Amino acid sequence: MPEKITQQIIELNFCKNPLCADFGSLNAANYSILSERNNPQIACASCHNISPIIWPDELQSELSSQREYLQAGLTACTNKACDNLGYNVQLYPEKYYSFGFSGDKQRYRCKSCQKTVVDRFSVANPNLKTHVTILALLLTGFSLKEISIKLQMQAKTLNDHIKAMAAICRHKSSVFDHHWQNQSQQYLLGSDYHYLQPNSENGVLWICTLDLNSHYVVHQSVNISEQANVSGNRIIAREYLASINTPLSEPASDKLADIIMARLNDHSARSHRNNPLHNQTQLNYPVKTSLVTPIYCATAHYHQINQWFQDMDKLTLSLAFEPMLAEAAITSFNEMRQKQSLDLLYQIDDPAWIEGRMGSKPQPLIFAHNKVSWSLSEQKHIRANTEQRAICQIIESNLTQKQVHQLPKHTPISNYMERFHVIFKSSVNEPRRKRRPEGLLPLLDIYKAWNNLCHQNNPGETPAVNAGISEKPLSLDQLLQ
Ligand SMILES: [Zn+2]
Ligand SMILES: [Zn+2]
């Protein structure tokens, strides 16, 4: 029997084909559910696009699990049934009473459910010196093994220190993130994704969203769930094997038109366009965690951003050329789209494109068998190569073609991710970590906080300084204290 199409299902699974007459339609009569396979799919009656269904309760579990991870170790109510769950004492003091001390540490009581919570950050970090040394060594490229030898420390002790440092960094990030989220109503964001361990074939993806003006990292998500034995549609089965094994296409040249052509071929070879893991025939499945289907991870990523920006009245979101990101963003920001407040685009820049300099008038870029339209502009240089920018406006609300060709560069996102792979190369590529990707999560938390608050691209300028939420760069001492 076909599943019943509820309004909740339609809200996540409406037609996401911008060329369809019923694009975005929330009318159940436009859709039908196909149940021939184990995984029911949904079809649009107008454009006949068929997609695996995103189930509302499964998306909710993914969102809760991502949120639980972000809030782990923060000073906040931990009662899952309480409205104050995850609300920081530092940012929402009105939700708590001071409630004496536990040792030297300040204790609070939740006004809503009376649960008490001890603020571990109310005393100075007793291991500050060690933590600063460890971070300085990590940032200079030392491996964990080298650090434990250098500091004459057991591997387990080092690991505990790194987990404690990650909790401090998540705490610092939560405070700055809160200020960042409340400083504007108009946002220009960019997203990209990468394999977390490019040589590990373990299906673990890392999705990042940055503010393209300040380069502040707004949010990052990884498609692993911390429990080893969860099931459901959002989880990739342990025995999963892709049926197709098409190698990625090589572009005919490094011109953007050829790069786009190659990616179009790759996307159409996928079992579904929103699944970048489609040709993963060799999957080193993580031992202690579960892999989440990429589209669920990406949709929860954007749902979280959407919830943070309650007062957002305009959003421009620029994506790397990846349909999984586009479909997730269309789902999560559909209300913004309906209010004509969303501009969504794919953007590809040559690395040497100069930000802030006008390019030539955008020209249409047409690909056979593909109706989606791209446009191309160029910066011509005397005695140097011509630089190109290609843009595909997926959803147009406020920006003209000319304006999108003048947006900031998209490359800071891939630079952020590549720098992680360079700095933490030995940990990323360690063979025994292939099936234990969760060991990298604390490093990601530390790296994000360091990037936003300490790392200076130009003297005195961190992303937080550029975003106007920090007066000056934090030293490693200030980050970890
Ligand atoms: Zn359609
Ligand atoms: Zn509570």
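Predicted model: local features only at pLDDT ≥ 70, side-chain atom pairs only at ≥ 80, totals over all residues.
1. **Domains.** Start with the layout of the chain. The domain assignment gives three stretches: domain 1 covers 7–53, domain 2 covers 76–118 and domain 3 covers 173–426. The centres of domain 1 and domain 2, taken over C-alpha atoms, are 43 Å apart.

2. **First zinc ion: the donors.** Look at ligand 1. Which residues hold this zinc ion (ligand 1)? Four cysteines coordinate the ion through their SG atoms: Cys 15, Cys 20, Cys 44 and Cys 47. The distances run from 2.3 to 2.4 Å. Along the chain, these donors follow the spacing C-x4-C-x23-C-x2-C. Two of them, Cys 15 and Cys 47, link distant parts of the chain, 32 residues apart. Cys 15 sits in the loop between α1 (7–13) and β1 (31–34). Cys 47 sits in the loop between β2 (41–44) and β3 (50–52).

3. The four donor atoms of ligand 1 make angles of 106 to 117°, and the site is tetrahedral. For reference, the ideal angle for four tetrahedral donors is 109.5 degrees. Now compare two of the donors. Is Cys 15 buried or exposed? Cys 15 counts as buried because its relative accessibility is 4%, under the 20% cut-off. Cys 47 has 21% relative accessibility, so Cys 47 counts as partly exposed.

4. Three strands form an open sheet in the order β4-β5-β6, with antiparallel pairing. β4 (96–102) and β6 (116–118) each have a single partner strand, so one side of each has no neighbour in the sheet. From one strand to the next, the twist averages 30°. As a general point, strands of a sheet pair through backbone hydrogen bonds. Five bridges join β4 to β5 (residues 105–110), and these two strands run antiparallel. To find the pairing by eye, locate Ser 98: it stands opposite Tyr 108 in β5.

5. **Thr 316.** Move on to strand β12 (residues 314–319), which contains Thr 316. Thr 316 is buried because its relative accessible area is 11%, under the 20% cut-off. What does Thr 316 contact, leaving aside its neighbours within four places in sequence? The list is Tyr 187, Leu 188, Leu 189, Asp 343, Leu 345, Leu 399 and Leu 407.

6. **Cys 454.** Last, check the loop between α13 (441–453) and α14 (463–466), where Cys 454 is found. Cys 454 has 7% relative accessibility, so Cys 454 counts as buried. Not counting residues up to four places away in sequence, Cys 454 touches several residues, including Ala 449, Thr 462, Pro 473 and Leu 474. Ser 475, Leu 476 and Leu 479 are also among its contacts. Leu 63 is 391 residues from Cys 454 along the chain, and their C-alpha atoms are separated by 29 Å.

Notes
Residues numbered from 1 in each chain as written. Chains lettered and ligands numbered in written order. Heavy atoms only, no water. Donors = N, O, S within 2.8 Å, 3.2 Å for Na, K, Ca; no water. Tetrahedral: all angles 85-135°; square planar, octahedral: opposite > 155°, others 65-115°. Helix = DSSP H or I, 4+ residues; strand = E, 2+ residues; numbered from the N terminus. Buried < 20%, exposed > 50% of the residue type's maximum accessible area, 1.4 Å probe, protein only. Domains from an automatic or database assignment. Pairing = 2+ DSSP bridges. Axes fitted to C-alpha atoms, helices over the stretch in contact; angles between N-to-C directions. Contact = heavy atoms within 4.5 Å.
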